[in-house]
Amino acid sequence: MGTQNKRFRTIRNMSSSEESRRLMQETIDSEKAIEERRKHGQFSTPFVLAQEIIAYGLQLLPEKEISFLEPCIGSGVFYSALLSTVNRDYCVQTATGIEIDPAYYACAAKLWKDSGIDLIQGDFARIDPKQKYNFIITNPPYVRHHYLTQAEKSFLLEHERKETGIVLSGLAGLYCHFILLAHKWLAPGAICGWLIPSEFMDVNYGTAIKEYLLQNVHLLRIHRYNPENSMFTDALVSSCVVWFKNEIVNYDYEIEFSFGGTHDNPAQSKRIKKSVLTKERKWSRFPAKEIRCEKNTGITIGDYFEIKRGLATGDNSFFIMSREKINELGLDMSFFKPILPSPRYLKTDLVGTDNDGIPQIYPQYFLLDCELTEQEIMEQYPAIWDYLQSGIEKTSKKYLCKSRKKWYWQEQRDATYFLCSYMGRGKDKGSPIRFILNLSEAIVTNSYLMLYPKEHLQKAISDDPNSVYRIWELLKSISGNDIEEEGRVYGGGLKKIEPRELAKVPCGDLMELCFV
């Protein structure tokens with residue numbers, strides 16, 4: 001063991017090695033298109049952050065003899081941080097790094113060939129461990145579920161279920177799969193630190209990961225970085241580090257939740273019992289907020305509205321156009337519906353209308369919505385036919401369009417009075433989203449949520465059409481805090497709320513109108 005450990009200590013002066021690693025990492029990153037890196041979840045961890053995480057992990061590790069695993073080593077930033085952080089009290093017995101990307105693997109192999117680490121080029125999901133490890137620190141690939149094929153999902157889900165008994169949602173990103181796949185690599189009592197998006201704490205697909213953390217291992221701490229100061233310059237993501245120990249604890253215990261600053265000096269910290277977390281659907285409320293009452297009988301937006309996302313066109317630049325462009329192309333206006341611009345470009349929260357239901361804004365936009373067949377269009381509407389032909393090469397091949405029965409057919413949405421932007425940045429205590437009163441017949445894209453009054457509310461509006469103004473004012477009066485409690489936060493402080501989350505936001509003031 002002593003001889004092997006010497007191999008790890010041959011590069012004790014890490015400054016030059018780390019500088020070489022950083023430069024090689026930047027070169028590889030620059031040679032890859034940003035969309036390719038996003039597709040494969042390749043977002044490099046800053047070295048200073050890696051050092052902080054490694055240093056904290058070593059504090060948790062009871063043994064001084066380390067067997068280190070990095071399931072997606074990249075250029076080796078965590079390994080570099082480990083070598084620069086361990087002192088003579090520790091003995092790095094073994095280290096293994098796995099990398100699927102040939103360019104990053106070649107980089108790691110060149111950098112660390114004499115350091116003693118065992119590097120494996122391959123897919124972590126399809127490799128069986130030859131040994132167990134007691135120290136696993138990683139930033140797994142943040143690959144969204146729609147980049148995974150159905151065959152890949154089926155393979156991952158089956159292997160995870162056999163190993164952990166946990167069944168992930170098909171909407172889970174690859175980082176969730178990595179957490180479960182790594183379980184069979186863990187030695188008893190292993191310390192694990194996972195740098196992952198904090199969205200798992202709030203979204204439905206994160207439920208299975210939370211189950212794993214509470215039932216299959218001993219969850220120690222979740223440190224969430226302030227999303228106003230994103231850890232990654234090339235990814236819009238709110239980050240946290242999840243710490244757990246590979247042991248099962250059956251009694252009720254406390255887990256530390258911290259926020260902002262560093263692990264050793266967080267801006268906020270609070271200890272929450274496991275029994276509380278089993279009932280709380282949004283873990284991101286900690287440490288800033290108090291434990292919720294078990295029963296919430298308050299009135300919510302979902303009691304009054306059916307909430308749907310606006311329609312996804314498949315290619316806004318092709319299907320949405322101004323009146324001027326429609327006239328210029330000589331297209332039949334009967335195939336167009338009024339549609340509002342994205343919230344960023346809508347400068348008013350009260351959209352007026354003319355006698356035809358067209359919004360009184362400028363410029364005005366319209367959605368091409370033609371439900372005829374190609375044969376009918378070609379024979380009866382040659383200008384529309386010519387325009388659709390211009391989209392065959394590019395637009396018709398886009399993901400959403402090619403999945404439709406007819407690539408140019410659109411989702412159907414009815415206009416509604418009440419809209420909201422589903423993401424924003426909300427300053428101070430202001431709401432991160434805007435509630436918009438739409439008096440026109442314009443529909444909206446999926447950058448909005450559409451609130452359709454339920455039967456009792458719709459009856460009240462029919463009895464008194466002017467009540468829409470009062471309803472709008474009450475929606476606008478909902479506090480930003482109530483909205484943020486149900487929504488989620490991304491890197492750079494971007495806040496977002498989904499239809500089911502908005503439905504849970506309290507709005508008891510609507511009871512004043514007796515719409516129950």
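In helix α7, residues L156, L157, H159, E160, E163 and T164 meet L174, H177, L180 and L181 of helix α8, where contact denotes heavy atoms within 4.5 Å. The structure is a predicted model, in which local features need pLDDT of at least 70, side-chain atom pairs count only at pLDDT 80 or more, and totals for chains, interfaces and linings use all residues. Residues are numbered from 1 along each chain as its sequence is written, and side-chain values use heavy atoms, with hydrogens and water left out.

By class, the contact of α7 with α8 comprises five nonpolar, three polar and two charged residues; Ala, Val, Leu, Ile, Met, Phe, Trp, Tyr, Cys and Pro count as nonpolar, Asp, Glu, Lys and Arg as charged, and the others, Gly among them, as polar. The axes of α7 (residues 150–164) and α8 (residues 174–181) come within 9 Å and cross at roughly 35°. Axes are lines fitted to C-alpha atoms, for helices over the stretch in contact, and angles run from 0 to 180 degrees between N-to-C directions. Helices (H or I, at least four residues) and strands (E, at least two) are DSSP runs, numbered from the N terminus.

Helix α16 (residues 455–463) has L457, A460 and I461 as its buried residues. Seen down the axis of α16, these buried residues fall within an arc of 100°, so they line one face of the helix; the arc is that of the directions from the helix axis to the C-beta atoms. On the other side of α16, E455, K459, S462 and D463 are exposed. Buried means under 20% relative accessible area, exposed over 50%, and partly exposed in between (1.4 Å probe, protein chains only). The cover over the buried residues of α16 includes β10 (305–309), β15, β18 (448–453) and α17 (467–476).

Strand β15 (residues 418–421) contains S421, which is buried at a relative accessible area of 2%. A polar atom of the S421 side chain lies 2.9 Å from the backbone nitrogen of R434. Residues up to four places away in sequence aside, S421 touches P343, I433, R434, S447 and Y448.

S431 is placed in the loop between β16 (423–424) and β17 (435–438) and, at 27% relative accessibility, counts as partly exposed. Q25, in helix α2 (residues 15–31), is buried with a relative accessible area of 8%. Apart from neighbours within four places in sequence, Q25 is in contact with S44, S75 and Y104.

Conventions:
A polar contact is a pair of N or O atoms within 3.5 Å; within protein, one must be able to donate a hydrogen and the other to accept it, and residues adjacent in sequence count only if both atoms are side-chain atoms.
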